[in-house]
Amino acid sequence: MQTAASTKALNQKSESASLGRQKRRETVAGYAFITPAVILLIVFLVLPFLFAILFGFTKFNLLRPDKIQFIGFENYKILFQDSLFYKSLFNTLYFTAIVVPVQCAVALMLALLVNHRLKLRNAYRIAYFSPVVTSMTVIAILWIYLYNPNEGLINSALNFFGIPNQPFLRSANQAMHSIIFMSVWQAAGYQMMIFLAGLQGIPGDLNEASSIDGANKFQQLRFITLPSLYNVTVFVLTITTIQAVKLFVQPYIMTNGGPENSTRTLALLIYQQGFQFRNAGYASAVSVIFFLIVVFISFSMKKFLRDK
Amino acid sequence: MTDRTVKLLLNLTNIVMSILFITPLLWMVVSSFKPETRIFADLSSIKALLPLNFTLDNYKAAFDRIPMMKYLNNSIFYVSVIAISGLAVNSICGYALAKLHFKGREFILSAVIALMIVPFESILMPLYFIVNNLQWVDTWPALIVPFVANSFSIFMFRQFFMDIPNEILESASIDGSSPMKTFVSIVVPLSGPVFATVFILDFISHWGDFMWPILVTTGESLRNVQLGIQTFFTLPPVFYGQIMATLTFTTVPIILLFLLLQKYYVQGITSSGIKG
């Protein structure tokens with residue numbers, strides 16, 4: 001406190017003399033400090049974003065930029081009549097609609113499980129978290145073998161319980177569900193960590209007071225813990241949703257969108273239209289729709305946030 | 001229910017769940033050290049998860065077929081460059097947004113926050129267009145430069161620097177220290193944790209890079225580990241053991257880094273949760 005006060009006194013003395021010069025110096029430094037990041041963000045984020053909107057109105061092959069043609073809303077017209085677009089949109093939303101609640105519920109359960117003073121608590125946490133650190137490419141390849149219809153570990157386990165071999169990724173009915181199951185396993189540890197931080201933010205005396213008042217563990221969970229986690233839950237749902245609509249690596253590696261387009265997603269459609277079919281205009285139109293979906297999700301989730 | 005029964009139940013559930021969660025990765029590691037025939041023979045029993053008939057043959061054979069070491073070095077190189085140069089660029093920007101006063105600061109801050117929402121997938125095409133026009137395809141800059149500045153990292157730094165008391169900075173500036181000198185000699189030494197957090201978040205996320213490298217590395221020379229294992233698994237003849245060896249080999253460095261910087265990684269995830 002004393003140093004703060006003396007600094008303040010010192011400040012006032014030299015204020016008149018050097019304030020102007022110091023202010024100018026700070027302004028110059030401010031602009032200089034932000035310049036590298038701002039330039040990079042403009043060139044590699046803002047500009048591409050504007051280009052995406054622009055390209056959406058063109059017929060355009062990435063490798064022949066000289067032959068660009070403006071065609072107005074033509075791409076959007078085609079897109080809204082394209083059954084593959086609707087299929088991809090449906091698959092993306094279907095994946096999201098299942099993964100988000102399931103993954104968040106599993107994550108919350110794991111967080112509640114490790115939020116106690118248990119001796120092996122750290123080991124449990126590392127077990128739940130290790131799939132998160134492993135890259136999606138590794139996981140997708142690994143699970144192709146786990147899901148193998150004839151010689152896979154999962155089918156062996158099912159056989160043990162008397163269930164016959166399942167086709168998993170080879171079946172149009174099961175492929176998306178197989179990807180969903182794997183994705184929940186992979187990412188639940190991430191959301192668990194956020195829930196855990198939320199749980200540790202709940203004041204301990206709340207639970208103590210309630211247990212003096214005779215509340216049991218389940219009542220504490222229902223009336224204290226879960227309501228206190230409201231905002232954390234909204235946040236977790238938001239980031240999980242945004243993550244989920246980006247689904248790409250899993251179908252790209254595991255099914256290439258098949259069987260029968262049952263795992264084709266919007267991100268996969270953008271990639272394939274833009275780079276494999278060299279249809280950059282159409283792919284950009286899909287990108288714009290994709291962006292609007294992400295913005296819509298983010299803003300509608302914000303509405304649910306409560307003031308503390 | 002007594003506290004002891006609660007604890008017992010919790011431990012039991014945790015053990016069952018841990019086994020479920022760890023089994024796929026355990027099978028991957030164990031199979032990478034087993035002879036091919038043994039992997040299939042053990043599949044239908046608990047032996048699938050036990051390291052029997054230990055051998056390094058899968059690793060030797062896989063490394064003869066693809067240059068895993070080179071892919072690993074490529075990944076370590078370009079991901080480190082992104083993460084380290086990102087620390088410099090984003091920290092100094094975050095500092096200016098937190099502590100320096102200049103016109104337009106609030107606008108830049110809002111813009112940086114707004115940019116966090118733009119998904120990479122929606123700028124994929126035009127970004128490729130730009131990188132292609134810069135003639136960067138199949139060169140290091142294509143993998144590195146677009147990802148150095150990161151709005152999320154800038155935001156993390158800014159949040160951390162906001163908590164540094166102004167008095168410390170003011171007294172330095174009265175002593176005639178330039179803003180750059182104040183930043184380097186006073187702010188940076190106080191901010192080890194946030195640097196570690198941003199570094200590991202950035203490193204782990206780019207270690208998994210897959211979509212972008214497919215596009216901009218046309219040849220083999222710049223291929224990263226993710227592309228390496230993906231090409232390998234589509235390359236006949238397929239041997240389970242060899243594929244598990246390359247997967248394990250790719251995963252080990254990142255697990256080590258995680259265990260080393262675990263505290264900061266978790267802090268990064270949780271702070272984003274609380275402040276977001």
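User: Which element gives the largest share of the lining of the second largest pocket?
Analyst: H1(B) does, with six residues of the lining. Keep in mind that this is a predicted model.

User: How many residues line the second largest pocket, and which lie nearest its centre?
Analyst: The lining has 26 residues. Nearest the centre are Asn115(A), His116(A), Lys217(A) and Gln220(A) from chain A, along with Leu10(B) from chain B.

User: Which elements give two or more residues to that lining?
Analyst: From chain A they are helix H3 (83-114), helix H7 (175-200), helix H8 (204-212) and helix H9 (217-228).

User: What volume does the second largest pocket have?
Analyst: About 1,200 Å³.

User: And how does its lining split by class?
Analyst: Eleven of the lining residues are nonpolar, nine are polar and six are charged.

User: Switching to helix packing. At what angle do H4 and H13 of chain B pack?
Analyst: The angle between helix H4 (residues 68-99) and helix H13 (residues 225-233) of chain B is about 150 degrees, and their axes lie 8 Å apart. Angles over 145 degrees count as roughly antiparallel, so that is the description for H4(B) and H13(B).

User: Which residues meet there?
Analyst: On the H4(B) side they are Met68(B), Tyr71(B), Leu72(B) and Ser75(B). H13(B) meets them with Val225(B), Gly228(B) and Ile229(B). By class, the residues of this contact are five nonpolar and two polar, with no charged ones.

User: Next, the backbone. Where is the cis peptide bond in chain A that involves Pro259(A)?
Analyst: It joins Gly258(A) and Pro259(A), with omega of about -20 degrees. Pro259(A) sits in the loop between helix H11 (249-254) and helix H12 (266-276) of chain A.

User: What about the bond from Pro236(B) to Pro237(B), cis or trans?
Analyst: That peptide bond is cis, and its omega is near 0 degrees. Pro237(B) is in the loop between H13 and helix H14 (240-275) of chain B.

User: What is the phi of Arg278(A)?
Analyst: Arg278(A) has a positive phi of about 50 degrees, although it is not a glycine. Its place is the loop between H12 and helix H13 (280-303) of chain A.

User: Why point these out?
Analyst: Because most residues other than glycine have a negative phi, and most peptide bonds are trans.

User: Now the chains as a whole. How many helices and strands are in chain A?
Analyst: Chain A has 13 helices and two strands.

User: And chain B? What is its secondary structure?
Analyst: Chain B comes to 14 helices and zero strands.

Definitions and conventions. Residues are numbered from 1 along each chain as its sequence is written. Chains are lettered from A and ligands numbered from 1 in the order in which they are written. This is a predicted model: local features need pLDDT of at least 70, side-chain atom pairs count only at pLDDT 80 or more; totals for chains, interfaces and linings use all residues. Side-chain values use heavy atoms; hydrogens and water are left out. On a 1 Å grid over the protein atoms alone, a cavity is a set of points where a 1.4 Å probe fits but cannot get out, and a pocket is an open set with protein on both sides within 12 Å along at least five of seven lines; lining residues have an atom within 4 Å of a point. Grid points are joined across faces, edges and corners, and a volume is the space filled by probe spheres set on the points. Helices (H or I, at least four residues) and strands (E, at least two) are DSSP runs, numbered from the N terminus. Ala, Val, Leu, Ile, Met, Phe, Trp, Tyr, Cys and Pro count as nonpolar, Asp, Glu, Lys and Arg as charged, and the others, Gly among them, as polar. Axes are lines fitted to C-alpha atoms, for helices over the stretch in contact, and angles run from 0 to 180 degrees between N-to-C directions. Angles under 35 degrees count as roughly parallel, over 145 as roughly antiparallel, 65 to 115 as roughly perpendicular and the rest as oblique. Contact means heavy atoms within 4.5 Å.
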